[in-house]
Amino acid sequence: MPEVQPKTTAATGAASAASPTLPPASEGVVTQATLVRKAAPKSDYKPADVSPQRRVQRSYSVRLWSVRHSRFLEWFYARFADMFLMLHPLWKSIGYGRVEAPVKFVEKRVKGFMFDCRMCGQCILSSTGMSCPMNCPKQLRNGPCGGVRANGNCEVEPNMPCVWVKAWEGSRNMVHGDKILDIQKPVDQSLRETSAWLRVTAQAAAEREAAKAGASK
Ligand code: SF4
């Protein structure tokens with residue numbers, strides 16, 4: 001096998017004649033990324049000094065905060081649901097149909113910010129560690145598929161943490177975290193873009209009234 005002689009550069013030639021050194025591996029290599037960057041039109045806008053991957057991951061930061069604080073949110077949601085139920089006579093007198101638009105407007109924005117909610121209308125956050133399962137690209141409602149990566153990220157969106165890995169983590173912080181083991185029904189697509197808050201409230205009010213009627217018989 002022929003002996004491989006180490007290369008020397010003009011800058012280091014004299015010194016390396018006495019003591020030859022290998023050039024850096026990247027020397028003289030022009031990557032595709034460099035070519036693309038050089039060919040890009042010049043403008044005053046320079047993105048913040050973070051990698052594209054970091055920028056993508058930052059878009060999940062609020063959602064991940066909600067999972068980390070699932071216990072507090074579980075407590076808060078229970079109080080919030082009680083307050084909504086207390087207001088049932090008001091919703092009923094105005095008409096659930098009339099209050100739907102403003103309530104949905106608020107619900108969509110608040111839950112969109114906190115959980116990246118997709119307004120499926122059948123909220124199961126309290127059973128999924130405050131991680132919205134509708135963010136799963138396969139929209140699985142009963143646990144992860146078999147494609148979770150070794151780092152816990154999604155196989156379809158490699159930069160996104162698997163919503164079911166996060167759901168399990170969030171559920172471990174919650175008082176009623178074992179609700180994650182309940183089998184969920186398939187999504188009823190006819191309820192998309194409707195208010196889960198109002199639906200849960202109206203159902204709870206109906207159950208309460210039925211219980212009262214049963215007790216008075
Ligand atoms: S489960 Fe449905 S309603 Fe609840 S946060 Fe996810 S998309 Fe929104």
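**View 1. Packing of helix α4 against helix α7 in the predicted model.** Helix α4 (residues 61–68) and helix α7 (residues 96–115) pack at an angle of about 85 degrees, and their axes are 6 Å apart. The two helices are therefore roughly perpendicular to each other (angles of 65 to 115 degrees; under 35 is roughly parallel, over 145 roughly antiparallel and the rest oblique). V62, R63 and S66 of α4 meet F113, M114 and F115 of α7 (contact: C-beta atoms, placed from the backbone, within 7 Å). By class, this contact of α4 with α7 comprises four nonpolar, one polar and one charged residues (nonpolar: Ala, Val, Leu, Ile, Met, Phe, Trp, Tyr, Cys and Pro; charged: Asp, Glu, Lys and Arg; polar: the others, Gly among them). Helices are DSSP runs of H or I with at least four residues, numbered from the N terminus. Axes are lines fitted to C-alpha atoms over the stretch in contact, with angles from 0 to 180 degrees between N-to-C directions. Residues are numbered from 1 along each chain as its sequence is written. In this predicted model, local features need pLDDT of at least 70 and side-chain atom pairs count only at pLDDT 80 or more, whereas totals for chains, interfaces and linings use all residues.

**View 2. Packing of helix α5 against helix α9.** Helix α5 (residues 70–86) packs on helix α9 (residues 196–216) at about 65 degrees, with axes 9 Å apart. That makes α5 roughly perpendicular to α9. Where they meet, α5 contributes A81, F84 and L85, and α9 contributes W197, V200, T201, A204 and A205. Seven of these contact residues are nonpolar, one is polar and none is charged.

**View 3. Surroundings of the ligand.** K111, F115, C117, R118, M119, C120, C123, I124, L125, C132, M134 and A196 surround the ligand (C-beta atom, placed from the backbone, within 6 Å of the molecule). The shell divides into 10 nonpolar, no polar and two charged residues.

Methods:
Contact = placed C-beta atoms within 7 Å.
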